[in-house]
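Notebook open, viewer loaded. I wanted to look up the overall build first and then a handful of residues.

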Amino acid sequence: MKINTDSLVSITEANQNFSRVARLVDETGSVVILKNNVPRYLVIDFQQAEEEREATDEDVLTISKRLIHKNRTAYQELAK
């Protein structure tokens, strides 16, 4: 994951000025909140989170093929 240095915010600043954090998320897509100068939290747009959560059809197809191949013997027994 690439982190835009303009979207780094200390936890103190995020606590005191969350509207700035929300504005940065709107502008850049995400904000990393630092705790003790270490990336600790990631704030992203809700729409982006929904898109990343959904599996694409290709992902589902690939997983299905792998499971069928792995369990082929069991599936053949069940088909009898």
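Below are my entries, going from the whole chain down to single residues.

**Entry 1: the fold.** I noted at the start that this is a predicted model. I then looked up the secondary structure and got 5 helices and 3 strands for the protein chain. Following the sequence, I wrote the order down as β-α-α-β-β-α-α-α. Next came the radius of gyration: it is 21 Å, while the globule rule gives 12 Å for 80 residues, so I logged the chain as more spread out than a compact globule. The box along the principal axes told me about its dimensions: the C-alpha atoms fill roughly 65 × 25 × 20 Å.

**Entry 2: burial, contacts, surface.** How much of the chain is buried? I found that buried residues account for 15% of the 80 residues. For contacts between residues at least 6 apart in sequence, I got 22% joining residues at least 24 apart.

**Entry 3: the core.** Which residues make up the largest nonpolar core? My list has 7 residues: Val 9, Ala 14, Val 21, Leu 24, Val 25, Val 31 and Ile 33. I looked up where they come from, and both α2 (18–28) and β2 (30–35) supply at least two residues each. The biggest giver is α2, with 3 residues. A reminder to myself: in soluble globular proteins, nonpolar side chains tend to be buried together. I then picked Ala 14 and asked what it touches, not counting residues up to four places away in sequence. The answer was Val 9, Val 21 and Ile 33, and I see each of those on the core list too.

Entry 4: Is Ser 7 buried or exposed? I had placed Ser 7 in the segment before β1 (8–10). Its relative accessibility is 2%, and the cut-off for buried is under 20%, so I marked Ser 7 as buried. I looked up its partners next, leaving aside neighbours within four places in sequence: Ser 7 is in contact with Thr 28, Ser 30, Val 31 and Val 32. One of these, Val 31, is also in the largest nonpolar core.

Ser 64 went down as a separate case. I found Ser 64 in helix α4 (residues 57–70), and at 31% relative accessibility it counts as partly exposed.

Entry 5: Most residues other than glycine have a negative phi. Asn 36 turned up with a phi of about 55°, though it is not a glycine. Asn 37 turned up as well, with a positive phi of about 60°. I located Asn 36 in the loop between β2 and β3 (38–44), and Asn 37 is in the loop between β2 and β3 too. Are they buried or exposed? I have Asn 36 as exposed at 69% relative accessibility, and Asn 37 as exposed with a relative accessible area of 72%.

How values were computed: Residues are numbered from 1 along each chain as its sequence is written. This is a predicted model: local features need pLDDT of at least 70, side-chain atom pairs count only at pLDDT 80 or more; totals for chains, interfaces and linings use all residues. Side-chain values use heavy atoms; hydrogens and water are left out. Helices (H or I, at least four residues) and strands (E, at least two) are DSSP runs, numbered from the N terminus. The radius of gyration is taken over C-alpha atoms; the globule rule is 2.2 Å times the number of residues to the power 0.38. Buried means under 20% relative accessible area, exposed over 50%, partly exposed in between (1.4 Å probe, protein chains only). Contact means heavy atoms within 4.5 Å. A nonpolar core is a set of buried Ala, Val, Leu, Ile, Met, Phe, Trp, Tyr and Cys residues joined through side-chain atoms within 4.5 Å.
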